[in-house]
Amino acid sequence: MAANVSVAIIGLGFVGLPLACLFSRKGYRIIGIDIDSDKTEQLLNKKSYLSDIEDQEIAEMVDSGRFTVTSDFRAVEGVNCIIICVPTPLHNREPDLSYITSVAKSIAPHLQPQQLIVLESSTYPGTTEQLVKPLVENSLLKVGENLFLGYSPERIDPGNKTISIEDIPKVVSGVTKECLKKVEQLYGSVFKRVVPVSSPGVAEFTKMLENSQRLINISFINEVNFLAKKLNINLWAVIEAAKTKPMGFTAYYPGVGIGGHCIPVDPFFLSWVGMREGVPLTMIQSAGLINEIMPHFIVSQVVQQLSKLQVQSDSAKIGVIGLTYKKDVNDIRESAALKVIELMANKQMLVSVYDPVYQGVIPHGVERFVLAPDSLAKFDVTLILVDHSNIPWDVVIQHSKCVIDTRNVTGHSEAKHIIHI
Ligand SMILES: NC(=O)c1ccc[n+]([C@@H]2O[C@H](COP(=O)([O-])OP(=O)(O)OC[C@H]3O[C@@H](n4cnc5c(N)ncnc54)[C@H](O)[C@@H]3O)[C@@H](O)[C@H]2O)c1
């Protein structure tokens, strides 16, 4: 299928760029469209801005002559398929679908008969049929007749090197049977397994369900950890024991709280729909609340340790390891670590950060430190927030005065100056 088929991918971020790479690897001609000129320039200069994608891969795509990048929506005129991967944030706790609306309006004047449009942005049930469909149809183009529209949620797991994008089963849907057939054909040619569902609503709800369950599970384990701390029981040891049960228990681990563009957002899309429909989703709401408490809990643990060490909070030196929302990803969006450093900065603590994966600017005017024995020795507390791979944890343990470990990376050590959270 790939040889003569061209695909426009709109939004070249954490979802769109890996997808563009996958389609390109399978031989499709790709046109990437993004309004961020910094990103388009980097790609044209054969540079990747994602930690999961090497410059080499972008260089090969550009050099092949089958990957072009633009911010001009006229480019969709010549393609067979259009995939939309733009952000869907929350604003004032309400879903913001303005990026999807904007893209649908931008492509509408350039659409051609027989084109297939697939929305991949995470969104609540009803978006594809009620928002996108009316925006892309006109008197000459009708979905199901001469224009095809579907929804396929993105399940990529940035930073996860154990499973490649094409191995993740792809849920696909279409507004009509003919639409579904086209979506299945396209994705079936690049993903190892496609999972057709009966409507875009089912596919949209699937994504919301997956991420809501994850939010609730992470928040639950964090809440239980408050109690474990109180009882002086190491929850990590409890989880290790519990997960030996061959059925019915899934291990989730405590941490500083959820982050990224999905888990702190998608469940609240669903909860917003629930409120709209008079069906409050109270589990999601409580899980959200626990997540808001988490950074305060972590900082309270730091304050408690400083007090034991007889160090004043307002002059304490804190070395934070890890800023991103999870390990091995250069993404700090909604990262709970940001809230932790903000709370500590508000208490006048002198905070420095080490994050080998995230190279961007650190908010709140916080400086970086180099991970070395002498810099670690200067901190009153070394606070581990993210368990990035390839950090020499033994050096951290050996040279820190006091370690507070929220990710159990020092679990193997019985050193007395380590506090496991
Ligand atoms: N990041 C993830 O791990 C992940 C996983 C699954 C699903 N999703 C969902 O995928 C969608 C995209 O997320 P992301 O993480 O890739 O976001 P992102 O911010 O990394 O990328 C979005 C890209 O869209 C571009 N963009 C914004 N408006 C545009 C417009 N009008 N025209 C063209 N380009 C435009 C931005 O410049 C940006 O490059 C969201 O709905 C998100 O919830 C994300």
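This is a predicted model: local features need pLDDT of at least 70, side-chain atom pairs count only at pLDDT 80 or more; totals for chains, interfaces and linings use all residues.
Strand β4 (residues 81-84) and strand β7 (residues 116-119) run parallel and are joined by 4 bridges. Within this pair, Ile-82 stands opposite Ile-117 in β7.

In general, the strands of a sheet pair through backbone hydrogen bonds, in either a parallel or an antiparallel manner.

At the level of the whole chain, the division is into domain 1 (2-197) and domain 2 (244-262 + 293-420). Their centres, taken over C-alpha atoms, are separated by 36 Å. To the contact between them, domain 1 contributes 6 residues and domain 2 contributes 9 residues. On the side of domain 1 that touches domain 2, there are 3 nonpolar and 3 polar residues, and no charged residues.

The ligand provides a further link between the two domains. Both domain 1 and domain 2 give residues to the shell around the ligand, so the ligand lies between them. Of the 27 residues around the ligand, those that come nearest are Gly-11, Gly-13, Phe-14, Val-15 and Ser-121. Helix α4 (residues 98-107) gives the most to this shell, with 3 residues. By class, the shell comprises 14 nonpolar, 9 polar and 4 charged residues.

Most residues other than glycine have a negative phi. Gln-310, although not a glycine, has a positive phi of about 60 degrees, and Glu-334, likewise not a glycine, has a positive phi of about 55 degrees. Gln-310 lies in the loop between α10 (282-308) and β11 (317-321), whereas Glu-334 is found in the loop between β11 and α11 (336-346). Is each of these residues buried or exposed? Gln-310 is exposed, because 7 other C-beta atoms lie within 10 Å and the limit for an exposed residue is 12 or fewer. Glu-334 counts as buried, because it has 20 C-beta neighbours inside 10 Å and the threshold for burial is 20 or more.

How values were computed
Residues are numbered from 1 along each chain as its sequence is written. A residue is near a molecule or strand if its C-beta atom, placed from the backbone, lies within 6 Å of it. Helices (H or I, at least four residues) and strands (E, at least two) are DSSP runs, numbered from the N terminus. Ala, Val, Leu, Ile, Met, Phe, Trp, Tyr, Cys and Pro count as nonpolar, Asp, Glu, Lys and Arg as charged, and the others, Gly among them, as polar. Domain bounds come from an automatic or database domain assignment. Two residues are in contact if their C-beta atoms, placed from the backbone, lie within 7 Å. Two strands pair if DSSP finds at least two bridges between them.
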